[in-house]
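The sequence and model come first.

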Amino acid sequence: MAYKKPLPKPNADTRPFWEGCREHQLRFQRCGHCGHVRWPPSVICPACHVSETEWIVASGKGRVYSYAVYHVAFHPAFKDDVPYVTAAVELPEGPRILTNIVGCSPSEVKCDMPVEVVWDDVTDEFSLPKFKPAAHPD
Amino acid sequence: MYLKKLKDRYAIAGVGYTPQGNVAGRTALSFYVEACANAIKDAGLTKEDIDGLICYRHFEPVGNDTEVTPYLVAQHLGIRPHILSQEANCARGHLLHAMGLMEAGFCNYVLIVYGDNAHSGRRTFIREATHSEPADDNAAFGEFGAVSNYAMAARRAMYLYGSGPETWKEIGVSQRRWANLNPRAMMYDRSLTYEDYLAANWIVEPFRIYDAALISDGGRACIVTSTERARDLRNPPVSIMGIGEYNLSVDIHQSDFMAGPTGTKEAGKIAFEMAGINLDEIDACEIYDCFTHTVEITLQDYGFFGPGEGRDWFKDGRTAPGGEMPVNTSGGLLSEAYFMGLTPLTEGVMQLMGRCGERQLGSATKTKEPEIILCSDNGGVFQTHSTIIVRRP
């Protein structure tokens with residue numbers, strides 16, 4: 001059955017991230033000068049304005065910074081998913097990314113809960129990084 | 001400091017209303033135009049006096065509406081201002097722009113306006129609903145804009161210091177009591193109890209329907225001019241005693257201000273320093289209240305109470321009619337109508353002009369006679385904050 005939910009729309013800045021996701025890698029830019037790991041992707045480092053950059057692959061571990069539970073489907077394709085959880089997950093490398101918490105009920109999600117990435121291969125082109133409760137919390 | 005020289009130099013001289021609430025069969029543009037014409041009339045000016053027009057941002061047109069631009073508004077008003085401007089993405093600097101233009105000598109009478117046919121046009125303020133295809137990668141995760149973005153921020157505040165529905169129900173119920181005194185308010189005829197609030201379904205948890213602003217048809221405008229010029233006009237002028245804006249400018253998901261302090265803190269500091277007053281000189285507040293939690297965090301960041309202390313502070317109707325610190329006396333965005341920052345600001349102005357009838361601060365509502373009112377406006381999801389302190393000169 002065709003995938004009905006919205007898909008990412010990679011642009012010149014975000015394409016490397018989404019290409020990484022297809023290979024199940026969370027890729028971020030690290031500043032070659034100050035070491036700041038930035039998100040969203042950008043042409044220069046917002047901390048020091050240096051453009052020299054290397055791409056790193058994040059470990060896939062993180063913690064729930066905060067979250068919200070959708071009880072209403074704002075888009076028809078999510079009708080069968082409610083209640084579902086969107087969250088800002090903070091990665092130890094620095095960035096905080098918007099994602100879903102899966103693999104537990106919404107009532108089990110807590111702020112600062114340890115989580116780890118789980119890949120949702122939604123189409124041939126796109127894999128979405130989602131997070132589930134960590135199997136072995138540090 | 002230069003700002004101090006601007007204290008009380010500019011004033012709001014007129015307010016324009018339109019029919020509001022559910023007003024079917026009208027374009028958004030028609031509300032802009034009517035609100036502007038009424039503000040001009042209210043101030044006792046003619047349209048030829050208007051030399052500046054600043055519009056709030058306008059969302060994507062609904063139905064077959066054309067896009068609202070300042071050119072169109074000016075055309076329909078039959079005016080040719082020196083300056084036309086429209087805010088792009090919720091940076092709420094309208095009053096600062098107006099004051100800057102007047103201080104530099106470009107303008108003398110500036111109109112600020114917002115209007116929408118959001119209710120009858122079934123706008124949801126969710127991009128998905130007005131775009132055939134969501135424009136944001138977050139949509140891939142089922143994340144659709146303002147409600148959940150604010151809900152996520154509120155959740156962090158619940159986790160860190162015990163914000164939550166017990167606090168927000170007080171805010172929602174107290175504002176509804178103000179709306180019940182305001183015949184213009186969409187919720188004028190509808191009471192709201194704690195039980196109603198707690199029984200309501202979640203939209204995006206931790207927010208229930210009563211935590212969210214209304215969606216309204218209608219428009220609102222005001223006219224800014226020098227206090228000196230305003231003295232010759234129809235209404236008693238209400239001067240801008242202090243003003244400050246601060247833009248944290250980081251998407252809420254990456255921000256470090258989900259649980260505060262938001263830009264309120266810095267914007268407030270600038271405005272209070274300019275005004276040369278303290279919090280205890282504030283008689284009432286008109287706070288941008290897109291969600292109940294926004295009222296809590298804004299007043300918390302101004303310093304009315306410490307993190308989490310809002311749970312007690314809002315109790316016993318402190319902010320309701322008869323309370324010691326009235327907040328959102330029209331009913332606000334939650335219970336009057338949604339006209340962005342013009343709902344709170346124009347209410348502050350009308351209160352100080354003494355034109356609020358049954359809900360008038362003072363003896364009519366067993367509250368303090370207002371001399372100074374603290375108003376706020378927010379943009380984005382806590383990305384922009386604007387503080388405006390107005391007073392009866």
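In this predicted model, Thr225(B) is part of strand E7 of chain B, which covers residues 217-226. Its relative accessibility is 0%, so Thr225(B) counts as buried. A polar atom of the Thr225(B) side chain lies 2.7 Å from the backbone oxygen of Asn108(B). Asn108(B) is also among the residues that Thr225(B) touches, once residues up to four places away in sequence are set aside.

Aromatic rings are the next topic. Over all chains, the whole structure holds 21 aromatic pairs. One of them joins Tyr70(A) and Tyr84(A): the ring centres are 4.9 Å apart and the planes meet at 5 degrees, so the pair is stacked. Planes under 30 degrees apart count as stacked. Tyr70(A) belongs to strand E4 of chain A (residues 61-70) and Tyr84(A) to strand E5 of chain A (residues 84-90), so the pair ties together parts 14 residues apart in sequence. Tyr70(A) is buried, with a relative accessible area of 0%. Tyr84(A) is buried as well, at 9%.

A pair in chain B has another geometry. The rings of Tyr32(B) and Tyr114(B) have centres 6.2 Å apart and planes at 65 degrees, so this pair is edge-to-face. The cut-off for that class is an angle over 60 degrees. Tyr32(B) is in helix H2 of chain B (residues 28-43), while Tyr114(B) is in strand E4 of chain B (residues 109-117); the pair therefore ties together parts that are 82 residues apart in sequence. Tyr32(B) counts as buried because its relative accessibility is 0%, and Tyr114(B) counts as buried at 0% too.

Chain A also contains an aromatic cluster, formed by Phe17(A), Trp18(A), Phe28(A), Trp39(A) and Phe126(A).

Rings also take part in contacts with arginine, listed here.

| Arginine | Ring | Distance to ring centre |
|---|---|---|
| Arg96(A) | Tyr65(A) | 3.6 Å |
| Arg184(B) | Tyr17(B) | 3.7 Å |

In chain A, the charged end of Arg96(A) sits over the ring of Tyr65(A). In chain B, Arg184(B) lies over the face of Tyr17(B).

Definitions and conventions. Residues are numbered from 1 along each chain as its sequence is written. Chains are lettered from A and ligands numbered from 1 in the order in which they are written. This is a predicted model: local features need pLDDT of at least 70, side-chain atom pairs count only at pLDDT 80 or more; totals for chains, interfaces and linings use all residues. Side-chain values use heavy atoms; hydrogens and water are left out. Helices (H or I, at least four residues) and strands (E, at least two) are DSSP runs, numbered from the N terminus. Buried means under 20% relative accessible area, exposed over 50%, partly exposed in between (1.4 Å probe, protein chains only). A polar contact is a pair of N or O atoms within 3.5 Å; within protein, one must be able to donate a hydrogen and the other to accept it, and residues adjacent in sequence count only if both atoms are side-chain atoms. Contact means heavy atoms within 4.5 Å. Rings of Phe, Tyr and Trp (its six-membered ring) pair if their centres lie within 6.5 Å; planes under 30 degrees apart count as stacked, over 60 as edge-to-face and the rest as tilted. A charge sits over a ring if NZ of Lys or CZ of Arg is within 6 Å of the ring centre and within 35 degrees of the ring normal.
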